[in-house]
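Me: Could you take a close look at one part of this model for me, the nonpolar side chains and where they gather? I'd also like to hear about the charged pairs around them.

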Amino acid sequence: MNSSQPFSTSETLLRPNFCDCQTAVLSTVSWGAIFAGMTAALALHVLLMMLGAGLGLSIFSPLTEENPVADFSISTLVIHSICAIVSLYFGGWVAGRFSPVNARSTGWLHGFSVWCAATVGGVILVALGAGVMLGGLSKVVGKSTAAVASNATDLAADAMKRSDATLTSFVDEAVNKLPADGPSNRSIRAKREIGIAVARFFNPAQGEANTEANRAALVTALQDHAGMSQADADLSVTEWTNSYERLEADLATVKEAAETKAREAADVASDAVAKFSLWAFVAFLIGLLAATWGGKVGAVCATRCEELTNEQAYVPTQNA
């Protein structure tokens with residue numbers, strides 16, 4: 001046959017229509033059914049979580065406790081997982097049930113799409129702060145970490161406050177030894193100069209090379225501005241040094257205990273994160289299977305309902 005001749009009628013019938021094939025493939029995806037399934041899954045999940053809150057299930061106790069990780073148990077994960085799996089199965093079933101006739105064979109794919117959409121939607125809700133019920137477990141570790149950080153900040157502030165109060169007491173002790181009938185500006189000047197000398201001597205960043213020089217400067221300031229003799233000034237500096245060393249020892253003990261407690265809390269939080277991550281992986285995988293199976297079952301249910309409706313609508317003709 002000459003290639004320039006037009007196709008015959010039989011050849012035209014045998015030629016595939018690629019546009020029709022592409023349309024048929026695209027029509028097997030029903031985004032309306034997927035959206036309906038995602039909405040149903042998220043709504044049912046919120047409903048089940050609210051039911052759990054009303055029944056006082058353990059999943060909600062960590063949200064209001066000072067140490068939420070302490071009550072983070074397997075039962076919490078099981079309850080959350082069951083709610084998610086049931087919701088995803090129902091969402092997949094809804095998507096499969098609402099899928100059109102030409103998409104029934106891909107009901108399982110609609111269920112899988114529901115799982116994808118619901119997962120992304122749930123993450124977005126939690127990130128925006130609107131998914132408190134959906135993201136209850138995600139706040140457990142965050143709250144515990146914030147508590148540890150707050151404890152460390154409070155400890156540092158308390159140590160700074162105690163150190164400042166101790167240094168101030170040294171200055172007040174020296175200034176109070178001035179005669180009461182002296183000039184008023186003398187006590188102010190003495191408090192300023194002695195305070196500077198005390199701050200320099202007890203500065204932890206002064207270095208060993210400057211320690212003796214700063215000590216000598218403090219003794220001189222006490223002699224010049226507090227009216228002490230060299231022996232009394234040297235004795236006062238020695239007593240202040242011993243007192244400050246005891247304070248540093250106490251603060252070091254408190255700091256070590258706080259660090260130990262922080263490490264223990266971090267270990268507990270790390271275990272909770274690992275437990276949650278592994279369980280979440282398993283739960284998400286089961287939820288994927290549940291949504292996929294629900295989509296397939298929903299599509300089969302829709303087909304059976306149509307077949308039943310057609311059988312009931314068929315009326316056999318009577319022979320005359």
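Reply: Happy to! Let me start with a term: patches are made of residues with over 30% relative accessible area and no salt bridge, where like charges are joined within 9 Å and nonpolar side chains (Val, Leu, Ile, Met, Phe, Trp, Tyr) within 5 Å. Accessible areas come from the Shrake-Rupley method with a 1.4 Å probe, and for residues only the protein chains shown count as cover. This is a predicted model, so local features need pLDDT of at least 70 and side-chain atom pairs count only at pLDDT 80 or more, while totals for chains, interfaces and linings use all residues. Residues are numbered from 1 along each chain as its sequence is written, and side-chain values use heavy atoms, with hydrogens and water left out.

On the surface, F281, V282, L285, I286 and L289 make up a nonpolar patch with about 480 Å² of accessible area together. F281 belongs to helix α9 (helices, H or I, of at least four residues and strands, E, of at least two are DSSP runs numbered from the N terminus). With a relative accessible area of 58%, F281 is exposed (buried means under 20%, exposed over 50%, partly exposed in between, with a 1.4 Å probe and protein chains only).

Now to the interior. A nonpolar core is a set of buried Ala, Val, Leu, Ile, Met, Phe, Trp, Tyr and Cys residues joined through side-chain atoms within 4.5 Å. The largest one has 24 residues, of which I194, V198, F202, L218, L222 and W240 touch the most other members. Helices α6, α7, α8 and α9 each supply at least two residues of this core, and α9 gives the most, with 6 residues. Beyond its neighbours within four places in sequence, F202 is in contact (heavy atoms within 4.5 Å) with L167, F170, W240, T241 and Y244. A second, separate core of 8 residues includes L42, L88, L288 and A291.

As for the charged pairs, a salt bridge is a side-chain nitrogen of Lys or Arg within 4 Å of a carboxyl oxygen of Asp or Glu, and the count comes to 3. One of them joins K191 and D172, with the closest N and O atoms 4.0 Å apart. This pair links helix α7 (residues 184-201) to helix α6 (residues 138-175), 19 residues apart. Another brings D234 and R215 together at 3.0 Å, N to O. D234 lies in α9 (residues 230-313) and R215 in α8 (residues 208-226), so the pair ties together parts 19 residues apart in sequence. R215 is buried at 19%, whereas D234 is partly exposed at 35%.
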